Amino acid sequence: MKNKKMFLILIPIVAIGLIFLVTGKENTSVIIKYNEQEIVLEKDYLYSHEDAILFPVVVRSSGEKPVEAQYKGIELLKLFNSLDLDILSFKKITFNATDGYRIILSINELLEPSNTYLTFERDGEYLKSRKQKGNGPYQLIIRRDPFSQRWIKHVDSIILE
Ligand SMILES: Nc1nc2c(c(=O)[nH]1)N[C@H]1C(S)=C(S)[C@@H](COP(=O)(O)O)O[C@H]1N2
Ligand SMILES: [Mo]
């Protein structure tokens, strides 16, 4: 009898807990769209990509002095290469973020060596999400662009056209 009552109390608690776990889980993948096709890049794939490298950047955030940081990311040229995507058959690339921010680059900008990177780590720590008040989980870094307006934070989709 006592056990039955316990169950009746526990079941709703466990159910609510599970709902929180499922809906509170943040999306940590990036989707690439091209020619009506889609590729979903999961966190594990990106974090362990063989072309991920470390590089220094000067971070400009509004209201703060520029600071140097070490970022880790994958050069977009190499990322597309590893996915067997021929970017020369496209003209432009659009990056969308979870906050509605969007930037468009020409394919020519991507072709500049060591310029555009999809990054996921800063000073040895994974980039935090927007919810966690970070710039991540993924941020585009354009190394030859000193103005960081185009360093789009929270990238969640990339469209090739
Ligand atoms: N997703 C997203 N990325 C963004 C922005 C933004 O509002 N949303 N602002 C841009 C601008 S204008 C700047 S200066 C840099 C740094 O923004 P912060 O000052 O908010 O750190 O991020 C850029 N990337
Ligand atoms: Mo800005």
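Analyst: Glu-109 counts as partly exposed in this predicted model, because its relative accessibility is 21%, and the cut-off for buried is under 20%. The side chain of Glu-109 meets that of Arg-150 in a salt bridge, with an N to O distance of 2.8 Å. This pair links distant parts of the chain, since Glu-109 belongs to helix 4 (residues 107–111) while Arg-150 sits in the loop between strand 9 (139–142) and strand 10 (155–160), 41 residues apart. Arg-150 is likewise assigned to the partly exposed class, at 26% relative accessibility.

Asp-123 counts as partly exposed at 48% relative accessibility, and Arg-122 is partly exposed with a relative accessible area of 26%. Salt bridges that share partners, moreover, join Glu-109, Asp-145 and Arg-150 into one network. The structure holds six salt bridges, among them the pair of Glu-109 and Arg-150.

The ligand site can be described next. The residues that surround ligand 1 include Ser-148, Gln-149, Trp-151, Ile-152, Lys-153 and His-154, and also Arg-60, Ser-61, Ser-62, Ala-97, Asp-99 and Tyr-101. A polar side-chain atom of Lys-153 lies 2.7 Å from an oxygen atom of ligand 1, and a polar side-chain atom of Ser-61 lies 2.6 Å from an oxygen atom of the ligand. For Asp-99, an N or O atom in the side chain is 2.7 Å from a nitrogen atom of ligand 1. On its own, ligand 1 has 510 Å² of accessible area, of which the protein covers 72%.

Tyr-126 is located in strand 8 (residues 125–126) and is partly exposed, with a relative accessible area of 46%. Leaving out residues up to four places away in sequence, Tyr-126 touches Tyr-47, Phe-120 and Glu-121. The C-alpha atoms of Tyr-126 and Leu-83 are separated by 23 Å, the two residues being 43 residues apart along the chain.

His-49, which lies in the loop between helix 2 (43–47) and strand 3 (52–59), counts as buried because its relative accessibility is 9%. With residues up to four places away in sequence again set aside, His-49 touches Ile-74, Leu-79 and Ser-82. Ile-13, by contrast, is exposed, with a relative accessible area of 53%, and its place is in helix 1 (residues 2–24). Ile-13 belongs to a nonpolar patch on the surface, formed together with Met-6, Ile-9, Leu-10, Val-14 and Leu-18, and these residues have about 580 Å² of accessible area together.

How values were computed
Residues numbered from 1 in each chain as written. Chains lettered and ligands numbered in written order. Predicted model: local features only at pLDDT ≥ 70, side-chain atom pairs only at ≥ 80, totals over all residues. Heavy atoms only, no water. Patch = residues over 30% accessible without salt bridge, like charges linked within 9 Å, V, L, I, M, F, W, Y side chains within 5 Å. Areas by Shrake-Rupley, 256 points an atom, 1.4 Å probe, with all protein chains shown as cover. Salt bridge = Lys/Arg side-chain N within 4 Å of Asp/Glu carboxyl O. Helix = DSSP H or I, 4+ residues; strand = E, 2+ residues; numbered from the N terminus. Buried < 20%, exposed > 50% of the residue type's maximum accessible area, 1.4 Å probe, protein only. Contact = heavy atoms within 4.5 Å. Near = heavy atom within 4 Å. Polar contact = N/O pair within 3.5 Å; in protein donor to acceptor, adjacent residues only side chain to side chain.
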